[in-house]
Amino acid sequence: MMASAKQAVRRDSYQPQVIERKWQKIWEETQIYRVVEDPSRPKWYHLTMYPYPSGDLHIGHWYAMAPSDAAARFKRMLGYNVLFPMGFDAFGLPAENAAITRGIHPYRWTMDNIERMRKQLRSMGAMFDWSREIITCLPEYYRWNQWFFLQFYKNGLAYKAKAPVWWCPRCQTVLANEQVINGRCERCGTEVYRRDLEQWFFRITKYAEELLKFDGIEWPERVITMQRNWIGRSEGARVRFETESGGAIEVFTTRPDTLWGATFLVLAPEHPLVEVLTTPEQRPEIEAYVAQARRESEIERTATDREKTGVFTGGYARNPVNGERIPVWIADYVLMGYGTGAIMAVPAHDQRDFEFARTFGLPIRVVIQPEGQTLDPATMSEAYAGDGHMVNSGPFDGTPTAGGEAIRRVTAWLEEQGLGKGEVTYRLRDWLISRQRYWGTPIPIIYCDRCGTVPVPEDQLPVLLPEDAEFAPTGVSPLKTDEDFVNTTCPTCGGPARRETDTMDTFVDSSWYQYRYLSPHYDKGPFDPKAVAYWAPVDQYTGGIEHATMHLMYARFFTKALRDLGLLNFDEPFLRLFNQGIILGEDNEKMSKSRGNVIDPDDLVAELGADVVRLYLMFIAPWEQGGPWSSRGIAGVDRFVRRVWAIVTETADMPADGPESDAARRLRKLTHRTIKTVTADISGFQFNTMIARLMEFVNELSALRDSDVVRTASWQEATRTLTLLLAPLAPHLAEELWERLGGPYSVHQQSWPSFDPELAAAETFELVVQVNGRVRDRLEVPVDITEQQAIDLALASPRAQEHLQGRTIRRTVYVPGRLVNIVTG
RNA sequence: GCGGAAAUGGCGGAACGGUAGACGCUGCGGUCUUAAAAACCGCUGGGGGUCACCCCGUGCGGGUUCGAAUCCCGCUUUCCGCACCA
């Protein structure tokens with residue numbers, strides 16, 4: 001007897017390995033996640049950032065994708081036609097490194113990784129529509145990068161210019177920022193420097209102003225702020241300073257009202273006029289300084305806390321507003337990439353200029369006096385950047401600076417005098433897309449001695465990456481040395497010509513992939529306009545905060561550029577954005593192989609099943625926050641799942657022939673209250689509190705497990721509802737339970753349960769009685785209690801009375817549904 | 001450095017300006033068992049106590065408010081991004 005009962009229990013215990021495999025197979029056979037355009041239903045496009053195929057799916061991928069899947073499934077149960085695609089961001093540096101260090105071709109390495117990761121992704125049980133998979137390193141994808149490049153080129157959005165790159169003189173190759181370790185080449189340890197190279201740019205700055213507008217999109221405020229700061233709009237004026245050695249230095253200043261206080265100019269070390277202005281006696285020092293600056297990163301150069309360095313060129317310029325002769329210096333904190341690469345230094349009113357002037361003994365002149373005090377350059381300890389009135393400024397003496405008044409008047413005057421003009425500049429720079437690498441999209445340009453720069457005609461796309469590339473251990477791009485690739489004929493004159501050997505930044509691929517998913521195999525253009533009309537733009541985008549500025553800015557730029565080319569008819573690619581946090585190791589540190597704190601999702605799936613992993617990831621913390629992994633924590637979720645399994649399977653075949661007792665009615669109310677709160681939670685991606693509510697619900701069911709309530713309609717409603725509420729979170733578990741409850745296939749084609757507001761409403765609440773803001777009593781009262789009744793009850797409370805002894809009541813504060821606060825004198 | 005964010009028990013976290021610590025973990029005690037595991041039940045911020053009670057408590061220092069974890073000002077620490085990693 002005992003033995004067979006135990007066996008029966010064991011045979012019917014929760015076996016995720018069995019049910020997960022079973023349902024994944026059935027879902028695939030019945031293609032329930034395949035989606036097509038359906039104008040009869042509202043669409044919902046949920047996009048989660050596609051992974052780089054680095055090798056194995058790690059827990060971070062799960063953390064991005066599993067809750068996204070739950071959100072997408074929830075929308076589907078609400079009746080939306082939901083598109084939830086997946087693909088691979090397949091070009092990039094690691095594949096090329098594997099080729100160099102291990103002799104594996106980047107294509108092989110990448111495709112093998114994709115094969116493995118695809119399997120791992122399937123184990124998650126997500127509703128990805130695999131028929132729409134995209135892989136960016138395949139010609140059917142990257143030819144459209146080339147096509148976009150050509151459209152941009154034709155429309156002045158792609159251009160070539162010199163820009164600095166990290167150069168290793170030993171390897172004779174360009175290095176990425178991450179390949180430069182403490183100023184040295186990661187491969188050979190040689191000290192590296194920045195060298196100018198002709199490279200391709202996309203003119204994102206044309207859209208700087210529009211990119212500052214976030215109308216119609218619901219993005220986290222912090223991302224919007226970061227993008228605003230990244231674009232860095234400044235209003236000011238451009239002013240010309242004539243030099244004595246010929247040529248003029250143009251500076252941009254946000255404070256034209258301080259022009260009379262400009263006592264020297266500072267050029268970026270890379271500024272073209274440095275060469276002209278430098279006097280013979282200053283030359284050795286200047287050249288040494290320029291060489292030094294080329295070894296420093298921008299972060300180092302612009303650090304405001306380090307000691308100011310710089311060198312006098314020996315040259316002078318004229319301050320256009322007062323004719324004063326002022327020296328021209330160079331300093332590394334001035335960057336060629338911002339403004340004009342030259343600044344006028346006003347040490348009295350700019351902190352960096354002040355420190356520079358103090359370091360080198362340059363004059364400081366006060367031209368803005370704050371009201372009620374007098375600044376003296378000799379005794380000032382820092383620059384004064386506040387308001388006041390102009391002094392030592394010729395015709396403008398006495399002009400108040402408050403409200404930008406002085407800036408407006410001086411700018412107008414500069415324009416009148418022909419000395420300068422009002423201007424807006426941006427910190428945002430044009431997007432440098434050239435990479436001196438093999439594993440990327442070839443830039444479709446041909447150089448002909450006779451015809452110059454010639455774009456590859458559209459009908460000759462794609463320009464294919466040569467397969468038989470040689471990967472030198474130095475890292476020199478194999479395209480450069482591939483004669484068959486480089487040598488071609490000019491499309492215009494038919495003469496001998498050379499191909500561009502630079503490839504594109506992988507951010508080009510990810511700037512429009514959201515549209516390729518809509519018609520992944522369309523070959524008449526980058527996307528089928530009909531599919532775009534139905535699905536685009538993305539309704540919900542989810543991914544890491546690390547993409548706040550670059551990827552998300554580039555994708556916005558692409559959408560606006562494609563709109564202006566007539567390819568799209570909307571302004572923004574992603575209507576809503578959500579950034580998930582990161583999962584740390586059990587030691588609260590970032591997961592890394594060297595720390596040995598990496599959690600492998602494959603192991604967890606094998607041991608506990610995908611549903612438990614999914615649930616735990618959603619339970620661990622608020623999704624936008626993330627947090628440390630805990631083996632103990634996931635064991636708790638495993639217990640929860642087993643309890644759900646036991647309660648539902650044990651009572652699945654129970655007849656609902658019992659009477660609806662008070663306990664059953666209370667359960668019914670709890671069921672509806674749970675639907676209400678859980679729906680609100682999942683709508684806002686509050687998965688952790690959603691699961692906590694479900695745990696409370698299950699704890700209650702557990703308490704009733706051995707009572708008569710299990711034989712009631714209320715119990716059946718409760719277990720069916722629980723299964724439906726779990727469906728987005730734990731899709732396999734829910735499907736299996738649904739089947740055992742006798743529900744029709746598939747639980748994922750059912751509607752999200754709705755609640756009866758009357759049943760979900762509470763009948764009483766706990767009225768808190770405070771005296772002077774401190775809790776003194778709690779009273780169970782009906783929800784429809786009036787203010788007067790609540791106050792009377794509070795005043796009558798013996799516990800409150802104790803604290804009211806000998807005091808005068810000044811006032812009472814009533815918060816409906818919550819509390820009464822009695823305030824005494 | 002610049003830009004962005006965060007800080008609550010032993011741990012992860014919960015909390016429309018209104019009961020701080022839901023839910024889970026850990027720990028302690030118990031039920032069941034020859035025993036253990038599992039499962040189930042109870043307790044679990046600190047201090048005091050006359051044990052149906054009081055005081056303290058949300059990184060630190062101020063402020064606003066009848067009332068502050070929550071809002072404001074000033075700090076500290078930690079994390080993320082900084083344009084060729086993706």
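Of the 825 residues in chain A, 54% are buried, where buried means under 20% relative accessible area, exposed means over 50% and partly exposed lies in between, with a 1.4 Å probe and protein chains only. Please keep in mind that this is a predicted model, in which local features need pLDDT of at least 70 and side-chain atom pairs count only at pLDDT 80 or more, while totals for chains, interfaces and linings use all residues. Residues are numbered from 1 along each chain as its sequence is written, chains are lettered from A and ligands numbered from 1 in the order in which they are written, and side-chain values use heavy atoms, with hydrogens and water left out.

Chain A contains 29 helices and 33 strands, taken as DSSP runs numbered from the N terminus, with helices being H or I of at least four residues and strands E of at least two. Its C-alpha trace spans about 105 × 85 × 50 Å along the principal axes. If we take the contacts, meaning heavy atoms within 4.5 Å, between residues at least 6 apart in sequence, 72% of them join residues at least 24 apart.

An automatic or database domain assignment divides the chain into domain 1, residues 233-426, and domain 2, residues 764-824, and the C-alpha centres of these two domains lie 66 Å apart.

Turning to helix α22, residues 631-651, we find 21 residues that reach 31 Å from the first C-alpha to the last, close to the 30 Å expected at 1.5 Å a residue, the expected span being 1.5 Å times one less than the number of residues. Its buried residues include Phe-640, Trp-645 and Val-648, and the buried residues of α22 pack against several helices, among them α2 (16-30), α24 (687-704) and α25 (713-726).

Helix α25 also holds Thr-723, which counts as buried because its relative accessibility is 1%. Beyond its neighbours within four places in sequence, Thr-723 is in contact with Val-648, Ala-734, Leu-737, Trp-738, Leu-741 and Val-747.

What, then, surrounds Thr-401, once neighbours within four places in sequence are left aside? This residue sits in the loop between β17 (389-390) and α13 (405-417), and with a relative accessible area of 5% it is buried. The contacts of Thr-401 are Asp-257, Ile-368, Asp-387, Gly-388, Met-390 and Ala-406. Thr-401 and Pro-370, 31 residues apart in sequence, are 9.5 Å apart in space from C-alpha to C-alpha.
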